[in-house]
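Thanks for asking me to look this one over.

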Amino acid sequence: MSQSSTPAVLPPLRQRGGFSKEFDFLCACACVEPGAGRLARIAGWKEFTLDWSEILRLAEHHGVLPLLARNLSVHARGLPSQVEQSLRSAFDGNARRNLWFASELVRITNHFENKNIRVIPYKGPMLAESAYGDVALRNFGDLDFLISPADFKHAKEALADLGYRPSSDLSPAVERFWLRNGYERSFDSAAGKYLVELQWGLLPRFFAVDFRIEDLLARSGPASLGGRQVLGLSPEDLLLVLCLHAAKHLWMRLIWICDIAETMHTQKVDWSLVSARARELGILRIVGVSFWLAQTLLDFPLCEPAQTIVSGDAEVAVLGEQFAARLARSATYDFESTKYFRLILKLRERRSDQWRYLWRLVSTPGEGDLATVNFPEALFLLYCGVRMARLMRKFF
């Protein structure tokens, strides 16, 4: 368990302004072990005249349908029969799918191990078991593996042995270029598309957060999945990785905030390491916003070191309010828009990181830039010019 402290005094969810009662009720259900206040709201659902079709829609959108189903089945009484049936069907279907993913993760991990390829499986079944205590309680649709870029070629060949092929065809030259400038590749199999991701970075390069995979591998340790021992991220790295993943998507789904809260709740975290690494990477504000959202939306009681990160930057609450309001409305972002890029810029607390971010944003080619024109490998540096020209045409 993480360190505990006196939780901040928050108003009951159903009394917070700006959020629908359906979203507030969903927040109460979005955890593994509801506290007394949340239990009272779940058990007293009849008081709120809820629109169940809206709650189910929101739960699916935010990826928390399994948590909703579990908490209502255990703590609520007298639900409409159609709602109970929908929840049971969704929970059972997710459980069956997740068990398949878990067995597939073990199969792939075993094969990597036999090939002496070091990888760290994370998110997906790993996160469901370590943070939620049950692989059925989290919704996911793929398997993610962190890998050193030097091992990518061998890992790709190992996946081919198991029937996985890259989701997009890249020439050897473009693939080499992408290993330097990209951060992940997806793989398909007969079972479906985009089922596996190999990631040699945590974020697109232009984010300018230089979290080295080699460091994550060096600090990894044994973790359990279905009784089998695999490599897992350290608790401190896992928490920071989850905050970065949520920030990349501007915290648009509740499940990403639940991941952070449940990880803080279940893992023994060295908070001095979290603070030091976040400060070194220049992501204290990103971490602070993540913690603020967990505290505000999920009534999660922050320990003193986490609260210090939140209160140490006045911009955390300002940005948190903005993201919480959009999340409650199920609003989305255009991830190629100036608005998105400006928000990411505001999430960096150091001026030097902001400048690095802006420079990499305009100079680092993406998949769209590579598809625009076909240069020979000797002229690949020209893709930087293509990137700049496309951005200027888009934004000006």
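Predicted model: local features only at pLDDT ≥ 70, side-chain atom pairs only at ≥ 80, totals over all residues.

1. Residues are numbered from 1 along each chain as its sequence is written, and side-chain values use heavy atoms, with hydrogens and water left out.

2. Let us start with Ser186. This serine sits in strand 4, residues 184–189 (helices, H or I with at least four residues, and strands, E with at least two, are DSSP runs numbered from the N terminus). Because its relative accessible area is 18%, Ser186 is buried. Beyond its neighbours within four places in sequence, Ser186 has contacts with Arg165, Pro166, Ser167, Tyr194, Val196 and Glu197, where contact means heavy atoms within 4.5 Å.

3. Now for the sheet around that strand. It is an open sheet of 5 strands in the order 1-2-5-4-3, with mixed pairing (two strands pair if DSSP finds at least two bridges between them). Strand 1 (119–122) and strand 3 (165–166) are at the edges with a single partner strand each, so one side of each has no neighbour in the sheet.

4. Strand 4 and strand 5 run antiparallel, joined by 5 bridges, and they form a hairpin with 2 residues between them. Within this pair, Arg185 has Leu198 of strand 5 as its bridge partner. Strand 2 (residues 143–147) runs parallel to strand 5 (residues 192–199), with 4 bridges joining them; here Asp144 is partnered by Glu197. Strand 1 pairs with strand 2 in the antiparallel sense over 4 bridges, and Val119 stands opposite Ile147 of strand 2.

5. Two residues of helix 5 deserve a look. His111 counts as buried because its relative accessibility is 18%. Its C-alpha atom is separated by 9.5 Å from that of Ala155, 44 residues apart along the chain. Glu104 also lies in helix 5 and is buried, with a relative accessible area of 7%. Apart from neighbours within four places in sequence, Glu104 is in contact with Leu143 and Tyr164.

6. Next, a helix pair. Helix 6 (residues 124–132) packs with helix 11 (residues 254–266) at an angle of about 50 degrees, their axes 8 Å apart. Axes are lines fitted to C-alpha atoms, for helices over the stretch in contact, and angles run from 0 to 180 degrees between N-to-C directions. The two helices are therefore oblique to each other, since under 35 degrees counts as roughly parallel, over 145 as roughly antiparallel, 65 to 115 as roughly perpendicular and the rest as oblique. Leu127, Ser130, Ala131 and Tyr132 of helix 6 make the contact with Ile255, Cys258, Asp259, Glu262, Thr263 and Thr266 of helix 11.

7. Finally, helix 17 (residues 351–363) has 13 residues and reaches 18 Å from its first C-alpha to its last, close to the 18 Å expected at 1.5 Å a residue. That expected span is 1.5 Å times one less than the number of residues. Its buried residues are Asp353, Gln354, Tyr357, Arg360, Leu361 and Ser363.

Key: Buried < 20%, exposed > 50% of the residue type's maximum accessible area, 1.4 Å probe, protein only.
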